[in-house]
Amino acid sequence: MSVPVAQMWTVATYVLGQRLRGRKRYPLVLMLEPLFRCNLACAGCGKIQYPAHVLKRHLSVEDCLRAVDECGTPMVSIPGGEPLMYPEIGRLVSELVARRKYVYLCTNAILLEEKLDAGLFTPSKYLSFSVHMDGLREEHDEAVCREGVYDDAVDAIREALRRGFRVTTNTTLFEGVDPERVRKFFDTMMDLGVEGMMMSPGYSYSKAPDQDHFLRRKRTHELFRAILDRPKRHWKFNQSPIFLQFLMGKHDFSCTPWGNPTYNMFGWQKPCYLLQEGYAKTFAELMETTEWDRYGHKSGNEKCRDCMVHCGYEPTAVNHTFGSLRGFRDTVVATVTGRP
Amino acid sequence: MIAPPDSVEGWEPDVAGPADLARVIELAFDYRGDVTVVGRDGSEWFGYLFNRSAAAPDPYVELLDPAGDAPVRVRCADIRTIRFTGRDTAAGKSYAAWLERKAAAKDA
Ligand code: SF4
Ligand code: SF4
């Protein structure tokens, strides 16, 4: 695992603090969506299909910071849309860093070099660029429905690393992907020098234009076993090894939808980052009024049946780590041996 | 209960009672285009219907009006029907179009 020790320590003390206070449900990573606008239209994306006047809007930095303070998570992920199209992204990130939040800025990297040149960001242990990379050149350009994006993203990663920024990759895998190509992709990313990689199976958003390539549960286990059964020593993942084990079918977890609460221009999204079943005005209202039992793999909810996405299950994996001695031992063993 | 067409874009449902209205509100909430909420008194609100609550003491829908900043809230009790007037932005065939373009480029 590649998460820096200081970050692991912050997360561990936060989680243990929540448990000591007896909180049954607590958030871990705020998913902050300042806008839905994007400069790509990826096949598996269900986030950007809105009327033009909605796409033109964005949250104010003050709204974003209010949400951050309300839920109090130690980590903030900024997906979108494309956050680098947010006019106040530099100020937002510096405010979050000043609050000592670990920020993952999730970007397709098309604008990254331009924004680095403009001096919008300063390297910090609190800031990581999490670059969307869905595979090697052919697979990535196909997933994002535009040629040349892979090469642009690789150039931007190199430049960000050269300037001393933390860079990770985030990869969504869909049906039909070749495990050997994914392994080669991991080699390529590690050779580039990224700090670590994150991956997840895609979620079948009902609004996504490509409905034929989402993974079902059994296929997900088979695919991730084929990818991860013989991990290479130099591969580093910026996510919980227990989550990777879950993807391989070694754990039967329920999701933790409140673990990665989502805030955007509509409010606090019920129940999770993936589903839009309504919006709450405050974080407290989200926690109190969402009928959590209606969601998750075991609830029988059709929309949750095949979901194994990181934003629902990574917090479960973290809870597993800190919830029992066995969970802690599993995590330590996987971290030390490098075998998920 | 009211039966929606395969594509609700352009649909102007005839709402016969509370069950129909509840169904139309859910369809409008799920719709990724603008709608026109028509009031019982003939008033109209146009915009993106992003939220609704049937469980609130006074059930409501909320819209983002293209011209305004703050969301507009309309009581369900005041609604006669909802017309699906805007384009369905999720109905595009962008992935299919990309595959076609790629195949054509390979053949060329
Ligand atoms: S997946 Fe990300 S990069 Fe692709 S269209 Fe959606 S928001 Fe944009
Ligand atoms: S399983 Fe959990 S994370 Fe996945 S869609 Fe359902 S509620 Fe959301």
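Predicted model: local features only at pLDDT ≥ 70, side-chain atom pairs only at ≥ 80, totals over all residues.
Between chain B and chain A an area of about 2,200 Å² is buried, and a search over all chains of the whole structure finds 32 salt bridges. One of these pairs, B:Glu62 with A:Lys281, joins the two chains, and B:Glu62 also has a partner within chain B, namely B:Arg73.

- The size of an interface is often given as the accessible area lost when the parts come together.
- For chain B and chain A this buried area is about 2,200 Å², and carbon and sulfur atoms give 55% of it.

- Helix α7 (residues 149–162) and helix α8 (residues 179–192) of chain A pack at an angle of about 35 degrees, and their axes lie 10 Å apart.
- From α7(A) the contact is made by A:Tyr150, A:Val154, A:Ile157, A:Arg158 and A:Leu161, and these meet A:Thr188, A:Met189 and A:Leu192 of α8(A).
- The residues of this helix contact divide into 6 nonpolar, 1 polar and 1 charged.

**Salt bridges within each chain**

- Side chains of opposite charge can pair when their charged atoms come close.
- In chain A, A:Arg66 forms a salt bridge with A:Asp63, and the closest N and O atoms of the pair are 2.8 Å apart.
- Both A:Arg66 and A:Asp63 belong to helix α3 (residues 61–71) of chain A, where they are 3 residues apart, about one turn of the helix.
- A:Arg66 is partly exposed, having a relative accessible area of 48%, and A:Asp63 is likewise partly exposed, at 23%.
- A second pair in chain A is A:Arg166 with A:Glu195, whose side chains meet in a salt bridge at 2.7 Å, N to O.
- This pair links distant parts of the chain, with A:Arg166 in strand β5 (residues 166–173) and A:Glu195 in the loop between α8 and β6 (196–201) of chain A, 29 residues apart.
- A:Arg166 counts as buried at 10% relative accessibility, and A:Glu195 also counts as buried, at 19%, because the cut-off for buried is under 20%.
- In chain B, the side chains of B:Arg73 and B:Glu62 meet in a salt bridge of 3.5 Å, N to O.
- This pair too links distant parts of its chain, with B:Arg73 in strand β4 (residues 72–75) and B:Glu62 in strand β3 (residues 60–64) of chain B, 11 residues apart.
- B:Arg73 counts as partly exposed at 47% relative accessibility, whereas B:Glu62 counts as buried at 4%.
- Salt bridges can also form a network, as they do among A:Asp117, A:Glu159, A:Arg162 and A:Arg163.

**Two single residues**

- B:Thr36 lies in strand β1 (residues 35–39) of chain B, and with a relative accessibility of 6% B:Thr36 counts as buried.
- The side chains of B:Thr36 and B:Thr85 are joined by a polar contact of 2.7 Å.
- Leaving aside residues up to four places away in sequence, B:Thr36 touches B:Glu44, B:Trp45, B:Phe46, B:Thr81, B:Ile82, B:Arg83 and B:Thr85.
- A:Arg146 sits in the loop between α6 (137–143) and α7 of chain A, and at 37% relative accessibility A:Arg146 counts as partly exposed.
- The C-alpha atoms of A:Arg146 and A:Leu35 are separated by 21 Å, and the two residues are 111 residues apart along the chain.

Definitions and conventions:
Residues numbered from 1 in each chain as written. Chains lettered and ligands numbered in written order. Heavy atoms only, no water. Axes fitted to C-alpha atoms, helices over the stretch in contact; angles between N-to-C directions. Helix = DSSP H or I, 4+ residues; strand = E, 2+ residues; numbered from the N terminus. Contact = heavy atoms within 4.5 Å. Nonpolar A, V, L, I, M, F, W, Y, C, P; charged D, E, K, R; others polar. Salt bridge = Lys/Arg side-chain N within 4 Å of Asp/Glu carboxyl O. Buried < 20%, exposed > 50% of the residue type's maximum accessible area, 1.4 Å probe, protein only. Buried area = accessible area lost by both parts, 1.4 Å probe. Polar contact = N/O pair within 3.5 Å; in protein donor to acceptor, adjacent residues only side chain to side chain.
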